[in-house]
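Dear colleague,

I am handing over the structure below, together with some notes on what was found in it. Please read the notes with the model open beside you.

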Amino acid sequence: NRILSKMPKNKFIVGYAGSIGLANALDTFIEAAKNLKHNKEIAFVLVGDGHLRQNLISKVAKYKLKNVTFIDLVPKKGIPQVLKKFDICYIGWKKSPLYQYGIAANKIFDYMVASKPILHAYSGGGDPIKKYNCGIVVEPENDLILAEKILFLSKLEKNKLNEMGMNGKLA
C-alpha cells in the first residue's frame, strides 16, 4: 500500500490521524518533535489534511526536522490499517474553558478501537483516556511535558503499552 510505505521503519511511532486544524494543537506536537529531534528512535507521523497542514510543513522545514512525516488524507475505512502502524496515538487540545464538560472526538474512539495507547494533551472534564486508563493525559500546549511523556512511553515495556491499549478497546 502506497500510504503505509511512507510510514517510518523501525521507529517508535507517535501518530496523529485526523483533521489538521487549530483545535487539535498540532503546533505543540511539532514542538515536541523538535525537542526530541536528536532521538533517532522516535518518529512523529501526521495523517490527514486541513487548513494548518502547510503551516506545520513549513515549521518542520524551518526546524530541519527529520523525525516528522506527513501522510495525505486516508479514507475512513483505511484508518485502522494506519493506526496499526502507530505505537501510540496523539490527540491534543487548546487550553480552553470550552472543554470543562468534556469532549466528543471520533478519533479518540478510533484510537481506542485500534487498542492503541493514547497520549492526550487535555485539561477539561469527562476524559475517556483517564476514565478507562487507556493512555496518559498531559497538560495541553506544553511541548516539554509532551516530549517527556513521549520519551517515557517509548521506553515502556511493550506489554505495558499493549495493556494500556487494550483498556481502551475493552472500555
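Predicted model: local features only at pLDDT ≥ 70, side-chain atom pairs only at ≥ 80, totals over all residues.

Residues are numbered from 1 along each chain as its sequence is written, and side-chain values use heavy atoms, with hydrogens and water left out.

Helices (H or I, at least four residues) and strands (E, at least two) are DSSP runs, numbered from the N terminus. In helix α2, which spans residues 53-62, Arg53, Leu56 and Val60 are buried, where buried means under 20% relative accessible area, exposed over 50% and partly exposed in between (1.4 Å probe, protein chains only). These three cover an arc of only 65° around the axis, which puts them on the same side of α2; the arc is that of the directions from the helix axis to the C-beta atoms. Gln54, Ala61 and Lys62 are exposed on the other side of α2. The cover over the buried residues of α2 includes α1 (26-35), β2 (42-47) and β3 (68-71), with contact meaning heavy atoms within 4.5 Å. Lysine 64, which follows α2, has a positive phi, near 55°.

As for the cysteines, the structure holds 0 disulfides, a disulfide being a pair of cysteine sulfur atoms within 2.5 Å. Cysteine 89 is in no disulfide, and the nearest cysteine sulfur, that of cysteine 134, is 10 Å away. Cysteine 89 is buried, with a relative accessible area of 0%, and cysteine 134 is buried with a relative accessible area of 0%.

Best regards
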